[in-house]
2 protein chains.
Amino acid sequence: MDLAGYLTDRRAMIEAALDRLLPATDRRPERLHEAVRYSMLAPGKRLRPVLVLASAEAVGGDPEHVMPTACALECIHVFSLIHDDLPCMDDDDYRRGRLTNHKVYGEAMAMLSGDALLTLAFELMAQNRATVSPDRLLQAIELVSNASGTRGMVGGQVVDIESEDQDVSEETLDYIHAHKTGALLRVSSLVGALLCGADEGQIESLKRYGKSIGLAFQIADDILDIVGDESKIGKPVGSDQKQNKATYPRLYGLDESRKRARNEVATAVAALDAFGSHAEPLRAIARYIVEREL
Amino acid sequence: MDLAGYLTDRRAMIEAALDRLLPATDRRPERLHEAVRYSMLAPGKRLRPVLVLASAEAVGGDPEHVMPTACALECIHVFSLIHDDLPCMDDDDYRRGRLTNHKVYGEAMAMLSGDALLTLAFELMAQNRATVSPDRLLQAIELVSNASGTRGMVGGQVVDIESEDQDVSEETLDYIHAHKTGALLRVSSLVGALLCGADEGQIESLKRYGKSIGLAFQIADDILDIVGDESKIGKPVGSDQKQNKATYPRLYGLDESRKRARNEVATAVAALDAFGSHAEPLRAIARYIVEREL
């Protein structure tokens, strides 16, 4: 399939929806809305919302029917980036090649922009009831909030911070990645299908798919931090090393890390065996996650 | 009615539920869970969750049926307090007479504790589907997220910060209070009833009630900052003035502010005319809001 064309098309759909759903800058408080849009509409891969749409399609669903939920996942992702970049966290000046939110709008506004995006995510999901069943939607809200909080992304961020300048065990590294980036990718991979009526077996397959691409994605990101092209990744190469972050290459070396990433992609694609051609976008996305960077 | 007994009883129910629903400190990441519990289980009025229970009762509902949503409202309130106290915001060292979250756990952990509580709130609400209708619950999630984000509490915090050291208009002061504290009190006053099958007329009445008690509460808080007893309010008297915050006494003087607060309480009680004795707790709470402090 033509993945590049698919991604271009889906990103355009998502960005049009975001522009429509995000608060307008001519409404009070204007500067907050500017700050929110600054980070949300910065160029990005839109991987999480694309996964939501692709997982809806994998079970024959209409991607437009899950668009508010797709946008919600992007809101949660961007909220986490804004907070992660703050001085009390990673203290990063650049993100995706542009100044980070707090460098432009100040720390208070950046923190509140993140808070606003996190609440907006759940508002958008609740509004998705126009096109999907209320029972499924409540299940989805529970899964997404669980994946974002202490048992998911926030939990991973905490252990990541606690592990700086420490010798980390393999178990801790797995915990960080399974939670910090993995949890949201996992839930993105199944929530579209859940909302479009997927059965239990399909949900289980998509869970395995999401788990593997989440891990592959994180390993690829770690590798990119060492061998990547600064102009492409939009932040200084080596910033994980500088902060003594727990990474795969640090624990296993580059070659073994590459091998593990490729194995995870193969596992992800195999998990989709029972799905037909509708799941082709999900398969292509799995391959793309490592190919873009390794 | 015996309001003191009612409040003692409801607070005990709420605190038992919170203790059950908050993440355990023997589970990873332990320190995050400690930080979350430190702020959530600090002594407090529990006004928002009490309002959720009382509004359920006002339409003949069972308070236990809306307990997860009541706890969610407390999570959102405490999240906002933790973030508000951070150095980049109000930079407060004390809250409710104890060190603020970041003074004990550090800034990063405090910010992430707030983030965790905000996501937990929506997880708890989604789980409330065990006892209430999914359609009503999705409406409630939409209202609560709306009241918490840029059109509600976060929006109010932003304008509050922007107004420091500025001459504020009456319109801006109203905006800050209607959003920063008002939005969450308003939604707390109606969401319990909504989940227990309230009709449109009842919801409208509870909206008017919530709007008035929200305003009364804020005026009372502003007055307390000037004339209050430091040991009771748990933070230094005069901290709003020190920060040149927009307040009612600053704009109208103490006497006129007291009069306005009492008028709002009368309006709130009048809004409940069509309710019977089931709404007695809501009426008593309205009176208590100003009596405790004026």
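Buried residues account for 56% of the 294 residues in chain A of this predicted model. The chain is built from 15 helices and two strands. Its radius of gyration comes out at 18 Å, close to the 19 Å that the globule rule gives for 294 residues, so chain A is as compact as a globular protein of that length. Boxed along the principal axes, the C-alpha atoms of chain A take up roughly 50 × 45 × 35 Å. As for how the chain folds back on itself, take the contacts between residues at least 6 apart in sequence: 72% of these join residues at least 24 apart.

Next comes the meeting of the two chains. Here 41 residues of chain B are in contact with 41 residues of chain A. On the chain B side, the elements that put in two or more residues are α2 (30-40), α6, α7 (134-148) and α8 (153-163). The largest share of that side belongs to α6(B), with 14 residues. Sorted by class, the side of chain B that touches chain A holds 23 nonpolar, eleven polar and seven charged residues.

The axes of α6 (residues 107-127) of chain A and α6 (residues 107-127) of chain B come within 10 Å and cross at roughly 15°. An angle under 35 degrees counts as roughly parallel, so α6(A) is roughly parallel to α6(B). The crossing of these two helices is right-handed. From α6(A), the residues involved are A:Met111, A:Asp115, A:Leu118, A:Thr119 and A:Phe122, and they meet B:Met111, B:Asp115, B:Leu118, B:Thr119 and B:Phe122 of α6(B). That contact splits into six nonpolar, two polar and two charged residues.

Two helix pairs inside chain B show other arrangements. Helix α1 (residues 3-21) and helix α4 (residues 67-85) of chain B pack at about 85°, their axes 10 Å apart. With 65 to 115 degrees taken as roughly perpendicular, that is how α1(B) and α4(B) stand to each other. On the α1(B) side the contact uses B:Ile14, B:Ala17, B:Leu18 and B:Leu21, while α4(B) supplies B:Met67, B:Ala70, B:Cys71 and B:Glu74. Seven of the residues in this contact of α1(B) with α4(B) are nonpolar, none is polar and one is charged.

The other pair is helix α14 (residues 254-270) and helix α15 (residues 280-291) of chain B, which pack at about 175° with axes 9 Å apart. Angles over 145 degrees count as roughly antiparallel, so α14(B) is roughly antiparallel to α15(B). In α14(B), B:Ala261, B:Arg262, B:Val265, B:Ala268 and B:Val269 meet B:Arg283, B:Ala286, B:Arg287, B:Ile289 and B:Val290 of α15(B). The contact of α14(B) with α15(B) has seven nonpolar, no polar and three charged residues.

B:Leu173 counts as buried because 22 C-beta neighbours lie inside 10 Å, and the cut-off for buried is 20 or more. Setting aside its neighbours within four places in sequence, B:Leu173 is in contact with B:Val168, B:Ala246 and B:Leu251. By contrast, B:Thr8 lies 33 Å from B:Leu173, C-alpha to C-alpha, with the two 165 residues apart in sequence.

Definitions and conventions: Residues are numbered from 1 along each chain as its sequence is written. Chains are lettered from A and ligands numbered from 1 in the order in which they are written. This is a predicted model: local features need pLDDT of at least 70, side-chain atom pairs count only at pLDDT 80 or more; totals for chains, interfaces and linings use all residues. Axes are lines fitted to C-alpha atoms, for helices over the stretch in contact, and angles run from 0 to 180 degrees between N-to-C directions. Helices (H or I, at least four residues) and strands (E, at least two) are DSSP runs, numbered from the N terminus. A crossing is left-handed if the near helix is turned anticlockwise from the far one by less than a right angle, and right-handed if clockwise. Two residues are in contact if their C-beta atoms, placed from the backbone, lie within 7 Å. Ala, Val, Leu, Ile, Met, Phe, Trp, Tyr, Cys and Pro count as nonpolar, Asp, Glu, Lys and Arg as charged, and the others, Gly among them, as polar. A residue is buried if 20 or more other C-beta atoms lie within 10 Å of its own, exposed if 12 or fewer, and partly exposed in between; C-beta atoms are placed from the backbone. The radius of gyration is taken over C-alpha atoms; the globule rule is 2.2 Å times the number of residues to the power 0.38.
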